[in-house]
Amino acid sequence: MTSIKFTIGDQTATGILFDNPTARDFASLLPITVDMYDLFAREKPGPLPRALDVGGDRVFSYEVGDLSYWSPNRDIAIFYAADRQAIPSPGLIRLGRV
């Protein structure tokens with residue numbers, strides 16, 4: 001696992017990246033600035049400049065603190081609240097934890 005740091009405004013958070021092909025490809029983009037917005041009052045997604053390798057396992061749920069990749073839009077997302085809604089197909093690829 002690789003440690004990473006997020007800067008959001010004047011706040012910082014730390015996290016880890018998992019050891020999977022998608023997370024390694026994401027790490028190759030760092031450092032990066034991603035413009036994020038609020039979605040469903042549960043996550044902050046934002047688009048990456050290019051698609052990532054989709055070799056990581058896909059999941060259809062999330063936990064608060066997950067850093068995940070949504071391949072249809074090339075988005076990464078940080079989940080900050082749980083509403084127990086299932087993630088639609090093709091699912092998320094977990095990149096790490098914040």
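Is Lys44 buried, exposed or partly exposed, and what is its relative accessible area? Lys44 is partly exposed, at 35%; here buried means under 20% relative accessible area, exposed over 50%, and partly exposed in between (1.4 Å probe, protein chains only). The views below come from a predicted model, in which local features need pLDDT of at least 70 and side-chain atom pairs count only at pLDDT 80 or more, while totals for chains, interfaces and linings use all residues. Residues are numbered from 1 along each chain as its sequence is written, and side-chain values use heavy atoms, with hydrogens and water left out.

**View 1. Lys44 and its partner Asp38 form a salt bridge.** The closest N and O atoms of this pair are 3.4 Å apart; a salt bridge here is a side-chain nitrogen of Lys or Arg within 4 Å of a carboxyl oxygen of Asp or Glu. Like Lys44, which is partly exposed, Asp38 is partly exposed, with a relative accessible area of 39%.

**View 2. Arg24 meets Asp19 through their side chains.** The N to O distance in this salt bridge is 2.3 Å. Arg24 counts as partly exposed because its relative accessibility is 45%, whereas Asp19, at 61%, counts as exposed.

**View 3. Asp66 and Arg94 join two strands.** Their salt bridge brings the closest N and O atoms to 2.8 Å. Asp66 lies in strand 5 (residues 66–70) and Arg94 in strand 7, so the pair ties together parts that are 28 residues apart in sequence. Strands (E, at least two residues) and helices (H or I, at least four) are DSSP runs, numbered from the N terminus. Asp66 is buried, at 2% relative accessibility, while Arg94 is partly exposed at 22%. Take in the neighbours too: Glu63, Asp66, Arg94 and Arg97 are linked in a network of salt bridges.

**View 4. Strand 1 and strand 2 form a hairpin.** Strand 1 (residues 2–8) and strand 2 (residues 11–17) run antiparallel and are joined by seven bridges; two strands pair if DSSP finds at least two bridges between them.
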